[in-house]
Structures are given as C-alpha cells and as structure tokens.
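Here is a short report on one protein model. Look at the structure first, then read on.

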Amino acid sequence: MILDSKIPEGPLAEKWTNHKFNVKLVNPANKRKYDVIVVGTGLAGASAAASLAELGYNVKAFCFQDSPRRAHSIAAQGGINAAKNYQNDGDSVYRLFYDTIKGGDYRAREGNVYRLAQVSVNIIDQCVAQGVPFAREYGGLLANRSFGGAQVSRTFYAKGQTGQQLLLGAYSALSRQVANGKVKLYPRTEMMDVVMVDGKARGIVTRNLITGAIESHSAHAVLLCTGGYGNVFFLSTNAMGSNVTAAWRAHKKGAYFANPSFTQIHPTCIPVSGDHQSKLTLMSESLRNDGRVWVPATVETAEKLRKGQIKVNDIKEEDRDYYLERKYPSFGNLVPRDVASRNAKYVCDEGRGVNETGEAVFLDFRDAIKRDGEATIKAKYGNLFDMYQQITGDNPYQVPMMIYPAVHYTMGGLWVDYNLMTTIPGLYALGEANFSDHGANRLGASALMQGLADGYFVAPYTIGDYLAQNPIERILTDHPEFKKAEKEVSDRIQKLLSIKGDKTVDFYHKKLGKIMWDYCGMARTADGLTKAKAMIKELKKEFWTNVNVLGANEELNQSLEKANRVADFIELGELMVDDALNRNESCGGHFREEYQTPEGEALRDDENFAFVSAWKYLGEGLEEELNKEPLVFENVKLTQRSYK
Amino acid sequence: MNLTLKIWRQKNNTDKGAFKEYKIADISEDMSFLEMLDVLNEQLSTKGEDPVHFDHDCREGICGMCSLYINGNPHGPQQTTTCQLHMRSFKDGDVITIEPWRAKAFPVLKDLVVDRSSFDRIIQAGGYVSVNTGGVPDANEIPIPKSIADLAMDAAQCIGCGACVAACKNASAMLFTSAKVSQLALLPQGQVERKIRAENMVAQMDAEGFGACTNTGACEAECPKGISITNIARMNREYFSAVLSSDTV
Amino acid sequence: MSWVSKTLNSTLGRKVLMALTGLFLILFLVVHLAGNLQLLIPDGGEAFNKYAATMANNPFIKVVSIGNFAFILIHVIYSIILSRHNKKSRPVGYSITKASSNSTWASRNMGILGTFLLIFILVHLKGFYYEVKFGSIPMTTYEGVEFKDVFAIVSAAYSNVLYVAFYVLSMGFLAFHLSHGFASAFQTLGLNHVKYSPLIRKVGLVFSILIPALFALIPLVMFFQN
C-alpha cells in the first residue's frame, strides 16, 4: 500500500490554513447525529472529547482509571512549549518548527510539525482562559523558562506540575460537557478491540473493570488517545497502568504501526535502587537549567566513592568531569535528551558511575545555590527536591542528586496522516499514541504541546471532514461484527484464565522489560537485536503456556488486566526489535552502535533511511510487512545535529 | 525487615469484608509502600490466592489514584501520597493495618479500592470556566498579580485523592470542593461564573452525602499537597455572598 | 424549597447558624461574666442585687434573654442535626484512627463538650434563673428600696462543695469548647486571612482560658470566703 500522508499543497506556512478551508464541514444540525468514541482521557483525549462535544457531536469517553483526571499526562512536570515570543528573544513559529524537526533528528514530517508550532500559541490562550494557573512575573504577565534543545525561553509552566494543571484544565472542559449531557463518561473501562464494519472503524468492545462485563459501543469514528508504550520496558517513568493494548488491537485490525523502535530515554530520572523497583521516577529536565552534570574524572575516584571511602562533597573541583559542558560547550547541560542520556551511559560504561550499582551520575546544584541562594533554588525546584528526598532519603540541597536515564516517552505509535487518521478509515490516533510530530527524538515540553494541539485544534477539524463524507446512519451493537469482536475478546480472556501455569504476569513483564532494556534500549546492535528477537519469541510461547492469571472475569481482577496488557507488550516488543534491526542508522533515540561518528554521535543515513517505517500486521506468527513513507524536506536542510 | 500486615479484604461492593493478617519478610527500607504490597501480591499470586486489590497508577504522587488508610492515617504516617511513602518510615516487627477510605460517598468496590466518582460529579457541577475551544483572548491580555496566580496554583494542586475525606471525622469533602472553588474564584477568568459555581458545587457536594466541616483541620494536616483550609473559608465566603446576591431563587 | 430554607439546610448553611449562634453566646458570656464578677465586690451583695434587678426589669434585656434562649436552642438543635448527618457520612468506621496526629482533641469532641455544657446550663438555670424568676426569694432593702436577694441564693449554692466542683468542672469543658469554637466560628464565616487569622486564634485562645477561669473563680472565692 502506498502511504498517503495527505500533506496539503502550498507553502509550509499556509498548508494548515488552506487545509482548514478545504475540509468539508458538518452542518450544526447534523452534528448531533454523529457519535464519536474517544479512548483515553489524557491531554489529547480529554481535549478532543471536550472540543468535539462543544461542536455538537455525541461523545463517549473511556478511561481505565477511576477518573479521567488521573491520565498519565498529569505527571509531566516541566512545561509546555509555545512560539509566543513573549520574551522577545527571537522565537517564532518557524523557529519552534525548526527546533522540533532538528531535535527529532529529521525523522518527522515538515507539514505536521509546522502545524504543531502554529497552533502552539492557541493552546496557551485556551489554557489561560480555562483558568490554568501558569507561573507569572511580578508584572502579571506569563513567565517562561528555557528547556533542553532550545536556545530561547518558550516554555510555559505551572510550578513543577504543568502536566497536572493542563490536564485538569482539559478535564474541567470535559466535565462541563459531561454536565451538558454531550459526553458520556466510562471510567474504569478498558478498550479491548476495535470493531470494523465495511472496512471502517465503527466502534469498540470494552471490558468493565469492576464487573468484567464485555460491552460494545458503536460510533461513526473512533479516536485512540491512549498514550505511549514505554511500559514495554517494565521499568519506565510511565504510570503502572499505561499500556499499548488499544493501539495494538487497532494495529492487529489493520492500523499500521510507525517507528516502533523510537523510544526516548529521559536523562534525569532517579536511579534504580533494587529488584523490587516497580517504576522509575522522572525529575523535570528543567533541573538541568541550574544543575551541573558530572562524574569523577577518573575510574579510581569513582570506585572509592562507590565503596564509600570518600564523600562526594570531598571530591575536588579538578577531579570532577563536567562532561556535558566539556563536550558541548555551547549547549552544555542543556543538550537534547538523547544526547544527555547517551553520555550518561558512556561515562557509566567507563566505570565512572557514582552509586552502588554504578549506574548513576551527579546533578549538582552547589554552584547554583552559591550563585542564586537557596531560597531562589527552592522556589524554582522545591517540589522536585522534596520528591527526590522523599524517594532517596538524601537532601539535594546538601549533596548532589544522583540521576540516570530511564525510558520515558515513545515517539513511535500508530501511523497517521496529516488528518491524524490511521490506515483504518474512521480510526484516529492523537497524542503520544500516534507517531507524527517528534521524529526520532522529542524535545522537552513538547509532549504536552502535541497532545493538546491534536485534541483541541487538529482533530475537531479533520474529523468533521471525515464525518461529512460518511453516512449518518448508526450501526447497532447487535451487528454481527460487534458480536464477533465480543466473542474474540471473551475467548481471549477465557484463554488467559484457563492457562493456570505457575508464573505470575509480572514475572513475564519483568523478563520482557529486561530483554528490551538490554538489547533495545539506549544503545542497540544488530547482534543484540537478533538475539532479543529469539528471546521474545520464546517468552511469548512461555507466557501463553505457563502464565497464571488468577480469579474470574466477572470481578475486579487486576491480574487479568495486567495479563491482557502484557500479552500485547510482548508482541509489540518483537516489532520494536524488528524495527530497530531494520533501521541501519542512528537517529535521535534510536542509537545503533554500528552507526556513529568518530566522536560517538548518532550517524544518520539520510540517503537510505529518511523514511517513516510503517509496519503492517499480517497475521498470527507471521513477520510484519514494512511500508515506507518517504520524508520530504523542502524547507529545512538536513544537517548532522551538533550541540557543540 | 519483617512485618505483619492487617489488610481489609472485601470481595465486592456487597460483601461484608473483614481484616486478614499476612506476614511478610525481607522488606527493604528503600521500597515504596506500594512496592511492599507488590511483593505481597507476588507471593499471594504464586500461592494461588487472590492478590490484594488497591488503586495506584503514576506512583509519583501526582495522579491521586492511590489511597489506603495506613495505621490510622490516610496515606500513612507521612504527609505524602501512599506511593511516595517508603518503608524507611516503618520498623522491623511493625504491625501495619491497611484499610480503604471510609465514607458513604466512597463505596468500597473491592478490598482497598473505592469509588471516588462523587468527586468527578462535584467538578461537573461547576468546576470549570465555560469557554469553548478557540476564540479566547490572548493569554497575556489580562495580567494577573503574581501573588494571586500563586495562590490559585496552591489551590489548583489538589490531586483529588480523597485523603481529606478519609481524614475528616465527618467524611467531609470541603477541602476538595473548596480547592477548585478557590482556584477559579481567585482568577479573573473564573469571575463570570463565580456565584453559580459556588452554589452548584456546594449543592452537589451535599447531594453526594459528604459530611459537614467542623474545622478540625485534619484534612489540611493530611493533604499530600498541603492544600490549606483557608480555601474552605474562601468557599464559605463565596457561597454566602453567592446565595445572598445571585439571581437564582 | 425557597432559597432561604435551601441555604439553611445545606451543610454550609447549618454551619453558619452554628457559628453565628456560637458567636452570640460568646458575647453573652462576656456580659454575663461582667455581671457575675460583681459577686466578688465585698458589699454583702448590694451591687450584684441591684444589677440583677436592672437586668430583670430592662425590656431590652428581656428581649435579649429570649433571643439568648433561642440561640442556645438553635445551637443545640443544629449540632444534633449536623452530628447525625456527619455520622451517616461514614457508615463504616475505621478500626484504627490516629486523629491526634492531625487535629486537636477539642475540635473532634465539640459534641461531647457541648452535651456537658447543656447539662450544666440546665442545672444552672434550674438553680438560679428559675429560682429567681419563679421561686420564693428572700428580699433585702437598700436605701429603702426592696430588692430580691439573689446574692443570698448564689452564696448558698456556692457553699455546697459538690456544686462548686460541678461548676468549676463545667468551666473546664467550656474552656475546651471555646478553644476550638471561637476561631472555628470565624473560619466558618469565611473570615480567614493571613493577616488577621493568627490574631483571631490568639484572642480565641486567651478568651477560652480567661473567661472560664474568671467564671470558675467566683464560686471558688465565695466557697472559701464562706
């Protein structure tokens, strides 16, 4: 199949404006005759559900949490980018576009990214109007901070809880539509499958997580706003419930999965402390604005430190290696995430890691506290410091923080065109669930921007275009396709419950996570990936013969919920490995050790790999088919990224 | 460390439920409380026993999904969420009693999982500014004094976990409701619907069956986000000035 | 339902009635104490008896006293309504609570304290108010005018050690009741401000100690003088 990205004609800056004019509209009286399903209530889902309901569509919104307000968007800390240029420091829509394309290592579509930069300014307006309490200057105007990968201050923030405030803003808009009767909420409900009728997405099958009831919901369009799949690594900064199931089921029904191997490893997370670890905690990248990253200059000093023979504060200035400042003098500690993460790995691989496991580097605020005073640092990062102390027991005002990279975000996702529609007509993917805007690496404070851009300002237009071209007639849920899908879902659940093996679901999840982290993590090799593929295949077989899922379907059953999700993660893991193995280059978060510059930087191969890999599911046990969407760059010149 | 856990087990909403005792060994003090429960659940699952069900998601103290009434305090002995509570807060040999949030408006669904949708309905009653997407003024159109924006932010930090209700001897939701009323009453964007919001949210709070506030301050002391009861006073003001002056009869 | 009854039946409305009546009763305590302190003037009760007569005959005071009874009644009735409502809000309790870690004892036990105070008030009314109004009172004469010798009744009552003990104990309850009630009333009325609230709390604390202490002082002094 030829992948048509449907990028509108015309100059970059006019594409979206032209497109908005050219899309078909649904007249106001007819809007109430269309039903739209939104799965997931994070930034993308809540904003889309609210905006579509405001337009007059009937919306059903689903989330597995007990309330839409809990979606994992809430955990984003640092901020949201927007090309407002309020600071008069040279920002513009074009610069945000350029930074995002470059930050993504030239593996994103120009058209999508430019649109993202364009609507970024509307997002801030919208959120302020909703009552989002962004940080302000004494003059009463909005404050900005700088962020990794950019040389302007364009990040808006609300303390260290920007994601929370933006999500609560979208949640409030959603709540208003629930009160208006335009949105029906289904919390504690998990999507189990997409239902297709005549080749189009016409509904979903869900499982009520309290009663276990398998139910069908019909609609004219389905939006998957279900976030990323970082939990394939078991340990990640994602919420425990974050999963790939909705996207994966859609993929198995025909939606292509794009760039699955593009995962982002966030440089500033709290290091792993032991085998019991259930998840990793990220600390905002904004810490790198004032914190200096370093390790001891020699392996000997690091060893002494690890053995507790010396204290960190006793290490003299000349024995410290501020490696980011040394290697990247112009960006210093503010290099993009992939660069910062990889360099942490390098110094730890050299044996200069600083905690007991040898997998940690320092993030030091000593100089910032000396320069600005403890009060200023406290005002900026107080909650992050408290959180760090809560988890580790160390006081970061007195000793440097220890950090290590952790899986944080997945740039890959369901393939979508310019309209955010997947390869299944009527099925859309928004936010982190799609692949569209971040290429091979996402810049800090851009995830919130993309989720809200998709939900507030893109999908409401493009979905109207699709609906206007489709009949109003509803399909009832007693349609044979719904019944068939319900049966498939039930059968699978019964299969999981009937295995009654002797290993828990978490056992397999941890095993998968280890394989993924070791072979498909920060640095990958063809050998390792080949090995990983065989291991995952084996793991899948073992899972389906020896997992022990307790209890019954007809109850609140968290082991069954997990089993359903882990089964899909295993299959996704294999595809990620395929994708990583196929991409014989390094770009952004995808680093193949075979492909690097003499200085150890990612070495792209634009001639052969300037494309989006979009994988098509062909059937149980079959290798997936690779489709390529060539990336055309008409406005930016592809260069080797340099942050030196 | 070795611990004895007394955990509330209840099959479903209609089951009576009872405490069950579990022994657990070799718990590291670096574990979070929920990781300790994970260990217990792995052991129970391996033995073929139903694991203890509890709500949790982000495990970074922000989603508000985790709950648990631990040894007589919501979220345990520290002023934080349960997911951020670490085992270094306990000693070897401790007996830890774990109960679900208890309130009429938070019915137990299973074990330690409760239904907090009453909070959603309070927000649906008015915890928003009625602006549609698009067509809003520029974000810098209305300057907001930093002190006001900061106060609004302090109130807006509420994570909706329900610890305030769990802590309150009256199972009152005043802190939760007042945090949202306050945030929007402080900001210029919230002025238009200020009166109707206060009236409707209070009415919904009452309809859900939450208790009345007796100003014990337990909610503030237990709130993992340190939301202040000055917000409750502000809501009281908002409510009375609304009922005395609004057009709704 | 009209908006008035709707408001007064909301949890906030009920609380405001508690606060307003409570504040009035606080005010009443001050006036009452001012009068009672005259018992300590060493004039054989002349000042006090004159004061009692003024109070009994002043139409304004009559109205206020009726209001006072009404407020006590409202305060009691609404406390019962609220307590029942609050009880129902948590049908299943906790097996362990560590409430002392998050709130003061008085704030959690206003109902119990209030119940004791109600008993005190009833005994107090029976002993003094009822006696003075409807009982047979000895008379005394100052400058040719006849006065009811209320002082004699009080003095007799305060010679009973049990009565004095009961009185002093009740003032202890009052102190705890006020220690929470004073500041709490302001909070309920929405009067919480970074500048004034610390002052209100301090005044409340001083008030809750001083007023009951002075009240308790009277029977003690009179008991030991006897």
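## The model

This is a predicted model: local features need pLDDT of at least 70, side-chain atom pairs count only at pLDDT 80 or more, and totals for chains, interfaces and linings use all residues. Residues are numbered from 1 along each chain as its sequence is written, chains are lettered from A and ligands numbered from 1 in the order in which they are written, and side-chain values use heavy atoms, with hydrogens and water left out.

## Chains

Contact means heavy atoms within 4.5 Å. Chains A and B have the most contacts among the 2 pairs of chains that touch. No contact joins chain A and chain C. Their closest C-alpha atoms lie 20 Å apart.

## A helix pair

Two packed helices are described by the angle between their axes and the distance between the axes. In chain A, the axes of helix H3 (residues 43-55) and helix H6 (residues 162-179) come within 8 Å and cross at roughly 35°. Axes are lines fitted to C-alpha atoms, for helices over the stretch in contact, and angles run from 0 to 180 degrees between N-to-C directions. Helices are DSSP runs (H or I, at least four residues), and strands are too (E, at least two), numbered from the N terminus.

Residues in the contact include A:Leu43 and A:Ala46 of H3(A), and A:Leu166 and A:Tyr171 of H6(A).
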